[in-house]
Amino acid sequence: MRNIAFLFILLLLLSCSDVIELDLSEAPPSLVVEGEINNRDGRHIIKLSLSRPFFETDDFSHVTADQIRLYQNNQLVALYTDTDVVGEYQVNFRGNLINRYHVEIDLPNDFPLAELAGQTIISTQERIWPVPAIDQVNLEFRSNSIFSEEGYYLSLNMTDNPNRDDFYRWRVRVNGQRIGGLDGFIFTSDELFRGNELRNINMNDDPLEVGDTVLIEQMSITSGFYDYLSLVFEQLSRQGGFFETQPANARGNFSVKNSGDSPVILGYFNAAAIVRVEATIDPENFEVRTR
Amino acid sequence: MLLSIITYAQEKNVSLNGYIKDAANGELLIGATVSVKGTSTGAVANNYGYYVLNLPPGTYDIIVQFLGYAPQEYSLEIKSNVRKDFELQMDGLGLEEVVVSSDREESKVKTAEISVERLSVDQIKKLPQLLGEVDVIRTIQLLPGVSTVGEGATGFNVRGGNIDQNLVLLDEAPVYSSSHLLGFFSVFNADAVKDLKLYKGGIPANYGGRLSSVLDVRQKDGNKKEFAGNGGLGLISSRLTLEGPIQKDKSSFMISGRRSYLDVFTALAADPDIRDNTLYFYDLNAKVNFDLGEKDRLYVSGYFGNDVFAFQDLFRTAWGNRTGTLRWNHIFSPKLFANITGIYSRYDYTIGSDDDINSFEWTSKINQQTLKADFTWFARNGLTMDFGYAYSAHIYAPGEIIPGAADASLNALLLPEDITRENSLFFHFDQKIGKKWTLNYGLRWTAYSLVGPGRTYVYEDPVNRNRQAVVDTLSFSRGQTMQTYSGLEPRIAINYQLANQSAIKASYNRLYQYAQLISNTAAATPVDIWKPSNQYLRPAQVDQFVLGYFLEPVEKNWSVSAEVFYKKYENLVDFVDGASLLFNEYLEADLRSGEGEAYGLEIAGEKSLGNFYSKLSYTYSRSLRRTDGINDGNWYRANFDKPHELDMILTYTLNDKWDFGASFIVATGRPVTYPTGSFQFEGNTVPIYGARNSDRLPAYHRLDLSANLTPRRQRKGFESSWSFGLYNAYMRRNAYSVFFQPSEQNPSQLEAVRLSIFGTVIPSATYNLKF
């Protein structure tokens, strides 16, 4: 939709944009929690930080927890331990398919946000859904056009499970470096594709070069995390055009335990199953390795 | 007072009745008046140009007049009922005698009509226009109480109402999308339009189905005297209108076409990225009418318009309206006039791609068929009654996807249609009581039903509906009633004439609306969905109160009016944060019904001085909403809550060669939601937003200028003229929106970016011809 608006405006050649000074009101900070559990990695990280005023340029401040507990099907299975980084905690545990996971976090009595001091916060239960294999990885050379720069592009094919509502996400690393920013949001629901083979799902927007090594993760995600990603992506990609929806906050899945009226806690704890492939860009001899 | 009514009724009157027409082309003149010279006895021609003047037998000096036309005087001996059609000449055609009368019946001071704006196409053509396209809807946005959310935004907002609350009628057929190219140009080709009237309040009982306004646009009937045409070449489009008699004075036709041609130029480009694009719109208006003897007239009219946009094989979209009207006017007796109308209206869009295995076709449409019978009973001078019945059937088809290839990834998808039926009955009186009072009052009754085939989802929580929590599905067979609503809509307007050509007026109206446009963008888009009322979404309702003061001194050089209004809305649909509206079978789960309030003040003044004409209006208007489940249940501003707006129009006729126009607008910026903070997600800085619509864009202001040149030396039977324009003359960068992005110099620093649709002055030149 955004593309249509963009092209309309482009064709009219009359619009313009410029930077303006704006005074924004400042909301008090909120707690932000970010964490994931999956069925592939043995070590998982959870991060606690505070939100900041919009035009602030200082780093986000990190905050600490007293204890962080990981539960599998409501059974305590592991405790997170400290890392070298303030506000980051780790756990050694591999998730299992079909099982449900959540975390509980005890916040200290001297927690900087008074309404959360001494409280326990809890995430919703997230289930690890099975993820299908990657059927095929396609390498394509594109020349310059208004859609893409000249270079190499990877896309993949996969087949959806016909019996379930599925949500997928892909993460890409190029030479060990994760593709971030807006290009890091590749995700879909199977709503319009149920049970079919999805073809040519683009993995990169910036061109790749011969010799680049690319690691692709295909993930099953929960419907809650899909909605969250959609909202975050929407907020990050605003350009002010005709087809743009009204802003909405991405709320996440944490709340104060046993409280009907929890203060806003941002961030998401999600669970995923992952399959990985790796490929090196070589038009003569393109090989895909399962990792 | 009662006594005077009885005395009137007992008099043995005869009637003078007939049509009032333009002498040059036979067009019926809606709102022209017939009165007895020197008295307050008079009658107004109705929407079909028909009038009835009841008089005791005798000889009278009759004056026939209409704005923009030279009044005509006749001495008539009236012994029994007389059928007499009058013809008026346009002003400035060299008529020697000009009668000045203080008893103009259409004067705002005399009728009970309140909150009504009437515009002639000639007036509109004198004003500056964007890119030279004469535009009805852009022009009504300069009227008090009418605004828009931004440049290029579809539709218009009337007194704190959403754009879907306007009943836009073209020859009585509703038009679902009134814009081309998103909202840059309206679908009304000014060359095909005869008359338009906008009701912002005090809406008569003959109209229903939309809460905030009625824009009643009538197409030209076609010249009954001689073949004529006009056309023009503009920057955006060219147009041609042909009209003429089929049988002189008995029947005529009018056909008018317009097409934009940006794509004609892009096709010449060397770059295939530009060349292989398509972008155009077109309209076709057509009408024929026949006099079938003295008592019957038959009209057939239609509109057909489309916007088409395509980018190579990858993407194409088209949307448009089609309307058709078949109308039969019959005079049963001089006092009983009937209008039987069959109406068809359709709006549809398609989005598609022809790109190999990804090809698909997505279609959506709305289809309306209406049959109605309206009657006007001219009981006596000062008392007419309109009454009628209408039946409407609607089909709302929200969407269907058909994959283009057998092995496509995409599945076929069909969202269920909503089928509705509406029966309505109304009566409406227009009554004069004594010399001081005029009353309009009526009642409308509507019965609405949503019928099968269809499904109703039962949600775990029927109020805070969640699409993840559907507990049951009810199926309904074809024709089975799924939900019904009905209601009474009282309407009343009162005029009390004061001394000194002034009047105080008041009105109250209630209206129901059975389908609402669901949009979660700032301006509506062509793919927004009309959702009819169902078990969860009750019909929207408004109660509007208006109080006004009108002053029009006899000299007629100036007039002022002031109106205050208050509107109370119920069951307005709004979307929850993060709603997904397309292809959502559980649409009502993302929607909530809430209440609303709008109030304001409109002051308007007009003055003519020599060759100057000016109109100045100021509007103070608020529009607020409160919906459980949105904005924490607190009141919030509607998207179009723009408290202050000042509009100024100025035209100056220098001589018969040159005339000039200017319009100026300054308004509060529209409400928006700005971020109040940010948080980190996977290394991205994600904005956190404050309360819905709690901020505002910077103020909007704009000056447009125009000049029209009609060369003195013209070839015989062929008149040409030029229109020049400067839109946004002082190059104001009005913000359409403000968005935020990381600074290019320092990506950790965020900055606010203003998007202006027109960041500069836009000149235009149009060549017009008439033959």
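1. How many bridges join S29(B) to strand S32 (residues 481-498) of chain B? There are 15, and the two strands run antiparallel. Strands here are DSSP E runs of at least two residues, helices are H or I runs of at least four, and both are numbered from the N terminus. Two strands pair if DSSP finds at least two bridges between them. One facing pair is B:Thr438 with B:Asn495 in S32(B).

2. A word on provenance and numbering. This is a predicted model: local features need pLDDT of at least 70, side-chain atom pairs count only at pLDDT 80 or more, and totals for chains, interfaces and linings use all residues. Residues are numbered from 1 along each chain as its sequence is written, while chains are lettered from A and ligands numbered from 1 in the order in which they are written.

3. S29(B) has another partner to check. Strand S28 (residues 418-433) of chain B is joined to strand S29 (residues 437-451) of chain B by 15 bridges, antiparallel. B:His428 sits opposite B:Gly442 in S29(B). S28(B) and S29(B) make a hairpin with three residues between them. In that turn, B:Gly434 has a positive phi of about 65 degrees.

4. The scale is as follows: 20 or more other C-beta atoms within 10 Å of a residue's own means buried, 12 or fewer means exposed, and in between is partly exposed, with C-beta atoms placed from the backbone. Leaving aside neighbours within four places in sequence, B:Thr446 is in contact with B:Gly208, B:Glu422, B:Ser424, B:Ser486, B:Gly487 and B:Tyr512. Contact means that the C-beta atoms of two residues, placed from the backbone, lie within 7 Å. The C-alpha atoms of B:Thr446 and B:Tyr389 are separated by 9.8 Å, with the two residues 57 residues apart along the chain.

5. Next, the contact between the chains. Chain B and chain A give 55 residues each. Four strands of chain B each supply at least two residues to the side that touches chain A: S44 (675-681), S45 (684-689), S49 (737-742) and S50 (750-756). That side has 28 nonpolar, 21 polar and six charged residues. The classes: Ala, Val, Leu, Ile, Met, Phe, Trp, Tyr, Cys and Pro are nonpolar; Asp, Glu, Lys and Arg are charged; the others, Gly among them, are polar.

6. Strand pairing crosses between the chains. An open three-stranded sheet has the order S1(A)-S50(B)-S49(B), with antiparallel pairing. Its edge strands are S1 (16-20) of chain A and S49 of chain B, each pairing on one side only. Neighbouring strands are turned by 35 degrees against each other on average, direction ignored. Axes are lines fitted to C-alpha atoms, for helices over the stretch in contact, and angles run from 0 to 180 degrees between N-to-C directions. Five bridges join S1(A) to S50(B), and A:Asp18 has B:Arg754 as its bridge partner.

7. A further pairing between the chains involves S44(B). Strand S4 (residues 52-53) of chain A is joined to S44(B) by two bridges, antiparallel. There, A:Arg52 has B:Ser678 as its bridge partner.

8. Chain A has an open sheet of three strands, ordered S12-S13-S17, with antiparallel pairing. S12 (134-142) and S17 (197-202) of chain A stand at the edges with a single partner strand each, so one side of each has no neighbour in the sheet. The twist averages 20 degrees from one strand to the next. Eight bridges join S12(A) to S13 (residues 151-159) of chain A, with A:Glu140 opposite A:Tyr153.

9. On packing: the largest nonpolar core has 86 residues. A nonpolar core is a set of buried Ala, Val, Leu, Ile, Met, Phe, Trp, Tyr and Cys residues joined through C-beta atoms within 7 Å. Among the members that touch the most others are B:Val136, B:Leu169 and B:Val193. A second, separate core of 59 residues includes A:Tyr80, A:Ile122, A:Phe167 and A:Ile186.

10. Chain B is divided into domain 1 (12-88) and domain 2 (219-770), with bounds from an automatic or database domain assignment. Their C-alpha centres lie 35 Å apart. Each domain gives 19 residues to the contact.
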